[in-house]
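The sequence and the model are shown first.

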Amino acid sequence: MTAGAAVGTAPTGVDDVDPSPSAHRVRRWLAADPRRRVALAAAVVIAGQAGLRSWVAYRGYFFLDDFAFTGRAAQYSLTDLHGFLMQPYNSHLMPGAFAEVWVLTKLWPLNFGVVVTVNLVLQILVDVAFYRLLRELFGTRPAILVPFTAFVFTPITLSAFVWWAAALNQLPQQLAMLTALWCQTRYLRTGRVRVGIYGAPITLVGLLFSEKTLLTVPLVMAFTVLFFADGNVVRRIITVSRAHWRVWLAYLVVAIPYTAYYVLEVPSPGHAPHGGDIAALFGSAFSHAIDPGLIGGPWSWHPAGFVGALADPSKLTTYVAGISVIGFVAWTIAWRRRAVFGWLMGIGYASIALLLLAFSRAVSIGPIIGDEFRYVTDVAAVGILGGTLAVLRPAGKWQTTPELIEHRAWTRRFVEHHLWHEVRAAVPPPRPVVGIVAFMAVFIASATASTLRFDRYWSSNPARPYLTTLRTELAAAPKGMVLYDQEVPPQVAWALLFPYNRLSYLLKPLSDNLQFLEPGRSAPSLAMSDDQGNLRRVAIFGPHAVPGPQQNGCSWLLGPVAIRMRLDGTTFPWTWMLRMAYIASKDTSGTVHAGRTVATVTFRRGLHELYVQVVGAISTVTFSSLAHGATVCTSDLAVGKPVPIGGSTP
């Protein structure tokens with residue numbers, strides 16, 4: 001019994017050893033500071049967004065303007081300021097974006113995986129900037145996870161992430177705008193003027209990528225006037241101007257020269273729109289894009305061309321989203337009157353952004369452009385921040401007391417006598433943690449559904465298989481092959497991008513050694529790609545030479561005397577390809593005259609082909625000055641448009 005008792009009471013190690021010491025240490029670390037739980041939850045939200053959007057983005061490919069950017073980057077030097085970096089593109093002034101394109105194109109030409117990785121890093125930085133801004137304003141409390149989750153997962157910012165041409169502008173703009181707001185908030189909290197002034201150079205960096213970053217200046221000013229001043233509008237402006245004049249001076253030093261340069265050097269996109277078109281644009285943008293996007297929509301999309309999609313919510317979705325957003329705005333204003341300032345900032349910014357759109361892209365495209373999320377990407381951050389300011393009060397100590405603290409007597413009387421005072425007293429306080437978790441789960445599920453439905457229109461990019469096949473064909477092509485500089489298929493790059501929709505621009509980032517036939521030059525053979533990217537031999541669709549005076553299978557006999565060959569039709573003025581099959585008695589050279597083109601060509605002894613790129617309205621072709629007493633016989637000459645011969649190889 002004694003031995004048994006001793007054995008029974010001896011330590012076995014089962015109860016004394018922690019089965020999961022790492023988990024306990026993590027729990028103790030989180031319990032030591034509740035703010036760590038909020039930070040961890042935010043990190044999980046960012047990781048979830050990164051995983052979801054990576055899955056969508058990596059399945060896509062370059063699209064439209066992407067090829068124009070890479071073609072220009074391969075053509076110019078990074079030091080070419082006026083020809084490349086400072087050259088406006090479609091009314092955009094974006095030297096920083098062009099510099100990024102140049103670096104990625106030189107180091108990893110047409111590598112979309114690298115592009116997505118860079119975008120992903122920038123997106124994470126934008127998310128972190130928004131989180132830091134919320135934390136600086138409201139403290140590290142669970143409530144900030146609601147607007148943070150809405151911003152991180154909203155589909156409003158999706159298309160400007162996956163499409164490189166949009167991401168080049170939008171991601172740096174968002175990062176600069178949010179960082180400048182953080183600098184201003186930090187300055188108002190601490191009183192350190194230097195921190196507030198930092199917002200000006202940060203805005204300048206954003207302007208290198210997108211001229212729309214200029215909206216950061218009035219946004220920071222409006223943010224300060226609305227939430228960190230008191231009195232009527234005039235009094236607020238005077239107070240803020242006097243108190244923070246050094247910060248405003250720094251912003252004006254950046255904004256005024258930039259605005260002057262943009263107005264003088266960047267061409268205007270078009271004429272002024274009609275009032276009805278502006279109203280239609282606003283209605284479309286708010287009902288189809290902004291309102292549904294703020295609640296995780298639109299859940300359904302309409303294809304836009306060969307790649308991408310526009311927001312296309314159903315009527316039910318449109319009504320639900322509109323009622324939800326308008327109802328929430330009305331409820332917050334009724335619940336807390338100062339909420340109107342938050343919505344004034346958000347709606348005001350959205351209105352300015354849409355007005356700029358109305359006087360630029362919408363002039364040529366129409367009000368339907370309001371359904372395109374990439375034109376309201378920055379509205380998401382400002383709108384969600386404004387909504388948060390409408391609901392939450394700034395936390396902590398401030399050098400400049402936020403106006404959000406309702407200290408005026410008339411405001412207290414309004415609240416005390418307002419109908420909602422009784423309602424608030426009757427409604428039991430909600431359990432915030434449960435509500436926050438429920439909102440995050442529902443919103444993430446909703447936004448994920450919208451994102452996955454967008455993927456079906458983004459991942460089916462015909463440019464990827466086309467370029468993949470073309471690169472394989474070029475690697476196996478015979479040395480010295482000459483290519484026809486054709487327009488690539490419209491599903492790869494639209495004709496509106498001319499000349500960047502030509503094969504030479506598309507392939508220039510890959511190699512400088514590719515040979516393309518130029519006007520006035522000739523080649524003994526010619527290849528072009530079909531719509532799938534396969535390299536094929538060339539046939540000519542166009543007028544042919546009429547039969548000549550010669551017999552015995554040799555319709556036209558060329559020699560030292562000029563021979564004029566008439567075609568059975570006339571081309572209209574354009575750039576065409578002349579193809580001739582011939583038999584030469586010996587190697588020789590001669591001169592061909594067609595339209596406005598005069599070219600010296602080489603004939604090789606035996607049976608061969610000759611291709612010459614010619615320009616003009618052509619009804620006759622003249623050959624002359626064959627040297628060395630050689631003769632050239634032909635019965636097959638045509639001038640027209642090159643077409644690929646199916647199943648052939650170069």
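## Overall make-up

The model is predicted. The protein chain has 650 residues, and 50% of them count as buried. Its secondary structure comprises 25 helices and 15 strands. Among contacts in the chain with a separation of 6 or more, 76% are between residues 24 or more positions apart.

Helix H6 runs over residues 95–107.

The buried residues of H6 are Pro95, Gly96, Ala97, Phe98, Glu100, Val101, Trp102, Leu104 and Thr105. These buried residues pack against four helices: H4 (65–75), H5 (81–85), H7 (112–138) and H10 (164–190).

Helix H20 covers residues 377–391. Its 15 residues should span 21 Å at 1.5 Å a residue; the end C-alpha atoms are 22 Å apart, which agrees. Of these 15 residues, 14 are buried, so H20 is largely enclosed by the rest of the structure.

One partner of H20 is H7: the two axes are 12 Å apart and the helices pack at an angle of about 20°. Angles under 35 degrees count as roughly parallel, and H7 and H20 are therefore roughly parallel to each other. Their crossing is right-handed. On the H7 side the contact is made by Phe130, Leu133, Leu134, Leu137 and Phe138, and on the H20 side by Ala381, Ile384, Leu385, Thr388 and Leu389. By class, this contact of H7 with H20 has nine nonpolar residues, one polar residue and no charged residues.

## Helices H13 and H18

Helix H13 (residues 216–227) and helix H18 (residues 339–358) have axes that come within 10 Å and cross at roughly 165°. That angle makes H13 roughly antiparallel to H18, as angles over 145 degrees are classed that way. The crossing of H13 and H18 is right-handed.

H13 contributes Leu219, Phe223, Leu226 and Phe227 to the contact, while H18 contributes Phe341, Gly342, Leu344, Met345 and Tyr349. Sorted by class, the residues of this contact of H13 with H18 are eight nonpolar, one polar and no charged.

## Cis peptide bonds and positive phi

Most residues other than glycine have a negative phi, and most peptide bonds are trans. Where does the backbone of this model depart from that?

A cis peptide bond joins Gly297 and Pro298, with omega at about 15°. Pro298 is found in the loop between helix H16 (275–294) and strand S1 (301–303). The peptide bond from Phe498 to Pro499 is also cis, and its omega is near 5°. Pro499 lies in the loop between strand S3 (482–483) and helix H25 (503–507).

Asn90 has a positive phi, near 55°, in a residue other than glycine. Ser91 likewise has a positive phi, of about 70°, although it is not a glycine. Asn90 is placed in the loop between H5 and H6, and Ser91 lies in the loop between H5 and H6 as well. Are these two residues buried or exposed? Asn90 has a relative accessible area of 48% and is partly exposed. Ser91, at 14% relative accessibility, counts as buried, because the cut-off for buried is under 20%.

## His608 in strand S13

His608 lies in strand S13, which covers residues 606–616.

Tyr582 is 26 residues from His608 along the chain, and the C-alpha atoms of the two are separated by 5.7 Å.

Key:
Residues are numbered from 1 along each chain as its sequence is written. This is a predicted model: local features need pLDDT of at least 70, side-chain atom pairs count only at pLDDT 80 or more; totals for chains, interfaces and linings use all residues. Side-chain values use heavy atoms; hydrogens and water are left out. Helices (H or I, at least four residues) and strands (E, at least two) are DSSP runs, numbered from the N terminus. The expected span of a helix is 1.5 Å times one less than its number of residues. Buried means under 20% relative accessible area, exposed over 50%, partly exposed in between (1.4 Å probe, protein chains only). Axes are lines fitted to C-alpha atoms, for helices over the stretch in contact, and angles run from 0 to 180 degrees between N-to-C directions. Angles under 35 degrees count as roughly parallel, over 145 as roughly antiparallel, 65 to 115 as roughly perpendicular and the rest as oblique. A crossing is left-handed if the near helix is turned anticlockwise from the far one by less than a right angle, and right-handed if clockwise. Contact means heavy atoms within 4.5 Å. Ala, Val, Leu, Ile, Met, Phe, Trp, Tyr, Cys and Pro count as nonpolar, Asp, Glu, Lys and Arg as charged, and the others, Gly among them, as polar.
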